[in-house]
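Try each task yourself before reading the solution.

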Amino acid sequence: MSMKFSDLKLTTPYLSLAPLFYDEVEPTPLAKPFVIATSQDAAKLLDIDEDLARDETLVKIINGERKLEGSQTFAMCYAGHQFGYFVPRLGDGRAINLGKVNGQNLQLKGAGLTLYSRQGDGRAVLRSSIREFLMSEAMHGLGIATSRALALIGSDTDVARERWEKGAVVLRLSPTWVRFGTFEYFNAKGEHEKLQQLADYVIAESFPDLKNKEGMYLKMYAKVVSNTAKTVAKWQAYGFNHGVMNTDNMSIDGRTIDYGPFAFLDDYDANYICNHTDVEGRYSFKNQPGIAHWNLTQLARALSPIINYDSALLVLDEMFGSVYEREYTQLMYERMGLHERDEKDLELLKWMLGTLESSVIDYNLFFRKLSVYKGEQSQILDIAIYTKDLQEWLDAYDTRLSKEMLTCKERKERMFRVNPKYILKNHILQEAIQKAQKHDFSMVEDLLTVALAPFDEHKELEYLAKPTPQSAKNIKLSCSS
Ligand code: AMP
Ligand code: MG
């Protein structure tokens, strides 16, 4: 039997927790809502096989004018460390949960005021909603753990930011919306029983294998550590800068969530800071692994009423670095096309990063070019500003490649599977946004296609892989969204 979005039947297990965990709140509809984009690939997670765009109730449900069967809407309460400072109560200030189906929690972002809106208006603007919609799907396309986006709606409602913009809503999906900050909330309030209830909930929802195991809370913590290390390793390998790694933006199952002023590196620059308000560079590209570790320390502290804090720190120190290094180097060797192991590979990798930095060269384009490299150095040198270091490195790489068994064709095929042709860089997102603001959504559609299959060629969509204009390289983004 074929399945439509509007046929979904939801449950609301989170509401079986105590009222302190959430605020039951109704979405506030936007004016003249319309569907901008849908991800049929994300719909598969819900076993939906009918065309989302043809389901005429989709827009009403996302706009809060109608409810899916079983849906009871609510915002979740949490705390968090923002830029290192603890804020005892944050919570979903503009996200409203619909309920759960097929292991996915459905959430509207930008759906109006909640108990946790503080000074905010509960809204999300079109610009940032396009970014979240596309980047959720793009991260998935790259094989990086992330929340997903099912659909994006626009509206005629004015929303005040630096200037007037239009309100929009993304319907996003995640196996969990619990954050490190959710635990921090109950710990800071001294609600230790509720903290334990939350841990039981998280184990049931995200780590069911641990249920009733001895030491299950410490084991849960260990899972969070290793999942987080794996995700951040992939961010570093692909050049993704999240921008707002506050503990309330850290998912308890380690996936990437809460897309804001993120960026993919254009030219390789380890010190790059995508978030304009992050003056100190706390969340700079190179700081991300260290910040993930710091955030995990805060989680250990928050869990200390139910686990031994010192044991947790031991787990953190034993696992984080080793999992991170293993994941990162493995993926980087694949990106470099090194399939045999050589004792000098790590040195070659570090040398490469230094060289990319001094050469002024597009990070991901470099790997795509390297995938078809057959000793013609000019094809790579041509995309760099400074070539001397790169030439020396390529000489060493040539020697190293001679130890590989694969044919050029096999090597290229393997490297193309990890070296994307399409990366949703900010300049191209910006172009799509400018068109969308004039009601032309064709580029959003095109970007979604390449986002979900970034390693393929897509001959008709090559314009999305054009080089970043010099003036737009590694720019900083405003946090306003
Ligand atoms: P972020 O770091 O962007 O994920 O958001 C930090 C906190 O601010 C979260 O609790 C959000 O729900 C809240 N927030 C952000 N923007 C708004 C808004 N426009 N209205 C209400 N709350 C918001
Ligand atoms: Mg957030």
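Predicted model: local features only at pLDDT ≥ 70, side-chain atom pairs only at ≥ 80, totals over all residues.

**Exercise 1: the metal site**

Residues are numbered from 1 along each chain as its sequence is written, chains are lettered from A and ligands numbered from 1 in the order in which they are written, and side-chain values use heavy atoms, with hydrogens and water left out.

Task: which residues coordinate the magnesium ion (ligand 2)?

Step 1. Look for donors, meaning N, O and S atoms within 2.8 Å of the metal (3.2 Å for Na, K and Ca); water is not among the atoms, so the site may look incomplete.

Step 2. Asn249 (OD1) and Asp258 (OD) coordinate the ion, at 2.0 to 2.1 Å.

Step 3. Check Asp258 too: it's buried, with a relative accessible area of 11%.

**Exercise 2: ligand 1**

Task: which polar side-chain atoms lie 3.2 Å or 3.3 Å from ligand 1?

Step 1. Count a polar contact as a pair of N or O atoms within 3.5 Å.

Step 2. Arg94 puts a polar side-chain atom 3.2 Å from a nitrogen atom of ligand 1.

Step 3. Back to Asp258: one of its polar side-chain atoms lies 3.3 Å from an oxygen atom of ligand 1.

Methods. Buried < 20%, exposed > 50% of the residue type's maximum accessible area, 1.4 Å probe, protein only. Polar contact = N/O pair within 3.5 Å; in protein donor to acceptor, adjacent residues only side chain to side chain.
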